[in-house]
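Q: Could you take me through this structure feature by feature, giving the general idea before each case?

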Amino acid sequence: MKRNAFFDNARVLLIFLVVFGHMLQPFIDESRGLHTLYMWIYTFHMPAFILLSGFFAKGSGDKGYIMKLVKKLLLPYLIFQILYTLFYFLIGKESWQTGIFDPQWSLWFLFSLFSWHMLLILFKKIPIGLGIVFSIGIGLIVGYIGDIGHTFSLSRTFVFFPFFLIGFWLTEKQILQVKRKIVKATSLVIMAGLAAALYYAPDFNSGWLLASKSYIDLGMEDYGGLARFFVYIIAAVMVTSILSWVPTKNIGWVTSLGGRTLYVYLLHGFFIQFFRQADLFEVNNVVDLLGIAGLSAIIVIVLSSRPILGIWQPLIEGKATIIKNKLREI
């Protein structure tokens, strides 16, 4: 598939928001404004990332498909599950004893991504509309299973799968419809309105956006399905709103980072968890917030750099082409 700058720009923005959101998380209980910003970001950043992952899954299903996915997703998952477990032990984090099938922190995404590709084998055979409705129905029903949660990343896998499936079926032309002027104009009202609603919401549980808990754990056993359906609508509207403002032009080195987001996703946790454990930062004013945003951008840039890619490529991609090419130049 020929690269389109719009998609790379979108992935750069979203991976920055992933890092920025994780940087913000320790401070959200101290400020209603920070809590609002954190919740606002979480209404769309993972659904949008997952939708784009589904869009780029269009070539799935060829010969050796499952083995390719095992090497691309499950092997890095196992490697980084071990690395994060050791790292957590070294920095004294209590959750270092997580089992192999309970993903450490953000590693759930790799496990779920593999599962979404497996689900595609079935859902590609179902008519588009019916398949999407069916996937949403599953996402609503699983919340009633009290034991569902982090193990095997089951909850997030089923709850977020509709976004992956929609992304898989969307064409490039359909996605770029978000760039219409009417969508951009409407998006400003939607984004501002949601920010205001989140600010004045009495006690909106972030677990609804993280999608990792049952309705019992979220305190809404009876009407959880209705609440999650409402969250689905908010996420869909916000994904459309945010993507409408993503630039379509190539922004040079910034756009080039869009092809390296997996490295950032897998590696940024070492920084975030160290910062949290060491309690290095405080956010007391706008300057502090801008500093956190700047540091998040630096982390994205550093982890997307060629030296980092060269060092980590064998563990993440199972090859060492960057190092080999560099050695040939010497």
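A: Let us begin with exposure: a residue is called buried when its relative accessible area is under 20%, exposed when the value is over 50%, and partly exposed in between. Please keep in mind throughout that this is a predicted model. Aspartate 279, with a relative accessible area of 61%, is therefore classed as exposed, and its place is the loop between H13 and helix H14 (286-303).

Q: Which residues does serine 212 contact, leaving aside its neighbours within four places in sequence?

A: Contact is a matter of heavy atoms within 4.5 Å. With those sequence neighbours set aside, serine 212 is in contact with Ile148, Gly149, His150, Ser155, Arg156 and Gly207. Serine 212 belongs to the loop between helix H10 (207-210) and helix H11 (224-243), and its relative accessibility of 6% makes it buried.

Q: And where does serine 106 lie, and is it buried or exposed?

A: Serine 106 is in the loop between helix H4 (65-91) and helix H5 (108-123), and at 4% relative accessibility it counts as buried. When residues up to four places away in sequence are not counted, serine 106 touches His22, Tyr265 and His268.

Q: Which residues of H4 are buried, and what covers them?

A: An α-helix has 3.6 residues a turn, so residues three or four places apart point the same way. In H4 the buried residues include Tyr65, Leu69, Leu73, Pro76, Tyr77, Phe80, Tyr84, Phe87, Tyr88 and Ile91, with Gln81 and Thr85 also among them. The cover over the buried residues of H4 includes H5, helix H13 (261-278) and helix H15 (306-316).

Q: How many salt bridges are there, and what is the rule for counting them?

A: The rule asks for a side-chain nitrogen of Lys or Arg within 4 Å of a carboxyl oxygen of Asp or Glu, and the count comes to three salt bridges. In one of them, lysine 319 pairs with glutamate 317 at 3.7 Å, N to O; lysine 319 is partly exposed, with a relative accessible area of 40%, and glutamate 317 is partly exposed as well, at 36%. Elsewhere, salt bridges that share partners join Arg3, Asp8 and Arg11 into one network.

Q: What are the N to O distances in the salt bridges of aspartate 8 with arginine 3 and arginine 11?

A: The salt bridge of aspartate 8 with arginine 3 has an N to O distance of 2.6 Å, and that of aspartate 8 with arginine 11 has one of 3.1 Å. Arginine 11 and aspartate 8 both lie in helix H1 (residues 5-24), three residues apart, about one turn of the helix.

Q: Finally, how many cavities of 30 Å³ or more does a search of the whole structure find?

A: A cavity is a space where a 1.4 Å probe fits but cannot get out, and the search of the whole structure finds one of 30 Å³ or more. The largest cavity holds about 90 Å³ of space. Its lining comprises 13 residues, and Phe160, Phe163, Trp208, Leu209 and Val231 are those nearest the centre. Helix H7 (154-169), H10 and H11 each supply at least two residues of this lining, and H11 gives the most, with four residues.

Terms used:
Residues are numbered from 1 along each chain as its sequence is written. This is a predicted model: local features need pLDDT of at least 70, side-chain atom pairs count only at pLDDT 80 or more; totals for chains, interfaces and linings use all residues. Side-chain values use heavy atoms; hydrogens and water are left out. Buried means under 20% relative accessible area, exposed over 50%, partly exposed in between (1.4 Å probe, protein chains only). On a 1 Å grid over the protein atoms alone, a cavity is a set of points where a 1.4 Å probe fits but cannot get out, and a pocket is an open set with protein on both sides within 12 Å along at least five of seven lines; lining residues have an atom within 4 Å of a point. Grid points are joined across faces, edges and corners, and a volume is the space filled by probe spheres set on the points.
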